[in-house]
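Below is a short note on the ligand site, the chain interface and the salt bridges. Please read it beside the model.

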Amino acid sequence: MTGLDAAVLVRPTRWAGFSAACHSEWIKFRSLHSNRAALTGAAVLTVAIGALLAMATSSHFHPGLVAGQAAWDPTSVSLMGIGVVELALAVLGVVMISAEYPTGLIWVTLSAVPLRGRLLAAKTAVFALVGLVVGELLSFAAFAVGQVVISGSAPTASLGQPGVLRAVAGTGLFLAVIGMLGVAVGALVRSTTGGVAVMVALMFVLPGLGQVLPESWRDPMLEFWPTQAGGQMLNVAPQAHALGPWAGLGLLVGFTALVGAAAAARFVYAES
Amino acid sequence: MIVVENMSKRFAGAKAVSDLSFVVRPGVVTGFLGPNGAGKTTTMRVIMGLEAPTSGRATIGGFAYRDLPVPLKAVGALLDARAAHPGRDARSHLAALAASNRLAKSRVDEVLGLVGLETVAHRRAGTFSLGMGQRLGIAAALLGDPAVLLFDEPTNGLDPEGILWIRNLMRDLAAEGRAVLVSSHLMSEMALTADHLVVIGRGRLIADEPLEAFVARTSTETVLVRTPEPNRLAAVLAGLGAYTTTGDGMLEVVGVEASVIGDAALAAGAAIHELTPVRASLEEAFMELTRDCVEYAAATALR
Ligand SMILES: Nc1ncnc2c1ncn2[C@@H]1O[C@H](COP(=O)(O)OP(=O)(O)OP(=O)(O)O)[C@@H](O)[C@H]1O
Ligand SMILES: [Mg+2]
């Protein structure tokens with residue numbers, strides 16, 4: 001060996017390069033015990049909390065009240081534990097990128113995949129797929145367990161009813177997008193504590209503060225707050241002062257794309 | 001082959017590297033020397049495409065790093081011994097790198113064997129000692145069987161056995177025809193490892209020459225002479241072309257060997273009580289060189 005021989009000069013196609021980067025990121029993701037533990041814990045909690053909340057809520061159900069019946073949405077009741085896995089995916093998404101900085105691993109990664117856009121795309125794609133699979137599995141599991149729990153005391157939902165399959169499958173989509181938003185925030189902030197703080201503020205703290213605003217401010221803010229809008233997927237029936245499920249998810253996707261573009265600009269074009 | 005051409009790198013106003021040019025050739029170990037903050041790491045990061053140069057360029061086999069078709073087959077680098085996720089096992093760390101460049105899976109176990117980590121391959125990198133972390137970093141660098149290798153202070157914090165192992169590894173890699181660039185603060189270390197030296201100080205090139213040339217050029221011999229008649233002996237030696245400094249019954253003589261001084265003293269009838277050749281160590285020569293790097297730069301500009 002005396003130099004860069006012919007074998008080195010064969011350039012893989014763009015697609016081959018991207019899929020190799022994805023394969024690499026998948027090996028990295030699945031080899032971390034902390035990732036497996038976080039997802040397993042989140043899965044158990046999501047289903048368990050969903051079941052407990054479904055039990056508590058359905059026990060207050062009064063079949064005599066017509067108004068109560070109209071507002072009774074056994075699907076969204078069974079999905080009330082989804083916040084746990086939502087938080088887990090947000091955090092793991094941030095960590096996909098932020099965890100590489102403290103040790104300098106990112107420089108090893110970039111020496112193997114020097115095209116930064118490709119690396120960011122691979123990380124986002126792998127984690128979107130993880131979020132989609134985990135999200136769909138858990139929303140269907142929470143729905144199934146929730147309906148069993150509810151069946152003792154109140155009417156249940158089935159996937160054949162209008163809007164129910166859309167709500168359950170759409171919740172999985174919502175979770176995948178939250179995971180992608182986590183990756184984008186991680187690339188933008190590059191720190192685990194900072195990125196997690198941003199995600200928690202976006203998903204829980206700021207919408208929570210919005211609740212105490214005067215009504216004329218609160219309603220439009222919560223209607224168009226991206227994570228709240230995306231969360232409309234969980235409801236079967238349309239809500240007052242809220243976007244529809246697809247418009248809401250669309251707004252969240254648009255917001256994620258914006259953050260992703262800012263992250264890509266920093267990751268690809270900023271110095272080091 | 002690495003070619004650095006008129007490369008400068010400026011960080012927020014401060015110049016880290018100024019107009020640096022050198023070549024790292026295949027088949028030899030090139031030692032990259034300079035005191036703290038000289039710009040060694042910055043230069044290596046520019047070569048790796050991790051930092052954009054302010055001006056000039058660095059290429060590997062004619063390619064900018066980011067244009068290398070399969071980077072790990074072209075270049076292997078150890079920049080930071082701690083650069084692995086503490087929660088990930090050594091084998092998965094390497095397997096992920098191998099997958100990113102579509103390298104054969106068998107390479108993972110081959111390089112683990114090469115660096116002697118096969119028995120701890122399943123252990124998390126966070127449980128590794130500094131030396132084991134260094135070996136893992138070297139395994140990663142060797143993964144693609146690259147033609148060019150960069151090591152940034154690979155012996156930092158290693159025990160003597162580890163230092164010897166790395167020294168031999170670098171010599172073997174060069175003997176296989178690879179281009180090897182290794183940075184260090186220690187001239188004594190490079191004297192045992194490198195064939196060629198690139199010395200920088202404050203981001204500027206100070207020396208770029210074969211090790212032997214550096215040794216011959218810098219290691220001047222001084223002879224200490226103790227005599228009751230320093231002034232008379234100094235006059236005699238000056239006649240022989242020696243340069244002497246006098247003080248306290250001692251002469252420091254540069255330019256003639258100890259045996260010549262002894263013969264001259266005998267011929268002149270001057271008594272000698274002590275005659276000691278003192279060779280400046282390579283380390284002293286290196287320190288002298290880099291201490292004067294700013295003056296050196298000014299002097300070359302005047303020429
Ligand atoms: N990211 C950065 N931002 C600002 N200044 C930097 C940055 N990286 C390096 N520098 C500066 O550039 C100069 C060269 O640093 P560099 O790390 O390349 O030196 P070095 O030769 O590797 O030193 P050492 O032997 O201590 O590792 C130093 O003055 C350093 O402070
Ligand atoms: Mg350094």
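1. A polar contact is a pair of N or O atoms within 3.5 Å; within protein, one must be able to donate a hydrogen and the other to accept it, and residues adjacent in sequence count only if both atoms are side-chain atoms. By that rule, a polar side-chain atom of Glu153(B) lies 3.3 Å from an oxygen atom of ligand 1. For Lys40(B), the distance from a polar side-chain atom to a ligand 1 oxygen is 2.7 Å. In the side chain of Thr42(B), an N or O atom is 2.5 Å from an oxygen of ligand 1.

2. The model is predicted: local features need pLDDT of at least 70, side-chain atom pairs count only at pLDDT 80 or more, and totals for chains, interfaces and linings use all residues. Residues are numbered from 1 along each chain as its sequence is written, chains are lettered from A and ligands numbered from 1 in the order in which they are written, and side-chain values use heavy atoms, with hydrogens and water left out.

3. The shell around ligand 1 (residues with a heavy atom within 4 Å of it) includes Phe11(B), Pro35(B), Gly37(B), Gly39(B), Thr41(B) and His185(B). Its residues divide into four nonpolar, six polar and two charged; here Ala, Val, Leu, Ile, Met, Phe, Trp, Tyr, Cys and Pro count as nonpolar, Asp, Glu, Lys and Arg as charged, and the others, Gly among them, as polar. Helix 1 of chain B (residues 40-47) gives the most to this shell, three residues. Helices are DSSP runs (H or I, at least four residues), numbered from the N terminus.

4. The contact between the chains (heavy atoms within 4.5 Å) takes 45 residues from chain B and 34 residues from chain A. Together the two chains bury about 3,200 Å², 63% of it on carbon and sulfur atoms; buried area is the accessible area (1.4 Å probe) that two parts lose on being put together, summed over both. Leu50(B), Pro69(B) and Arg88(B) supply 17% of the area that chain B buries against chain A, more than any other three residues.

5. Which kind of polar pairing joins the chains? Eight residue pairs are in polar contact across the interface of chain B and chain A (both at pLDDT 80 or more), while the count of salt bridges between them is zero. A salt bridge is a side-chain nitrogen of Lys or Arg within 4 Å of a carboxyl oxygen of Asp or Glu.

6. Over all chains the structure holds 16 salt bridges. Lys28(A) and Glu25(A) form a salt bridge through their side chains (3.0 Å, N to O). These two residues are separated by about one helical turn because they are three residues apart in helix 2 (residues 14-30) of chain A.
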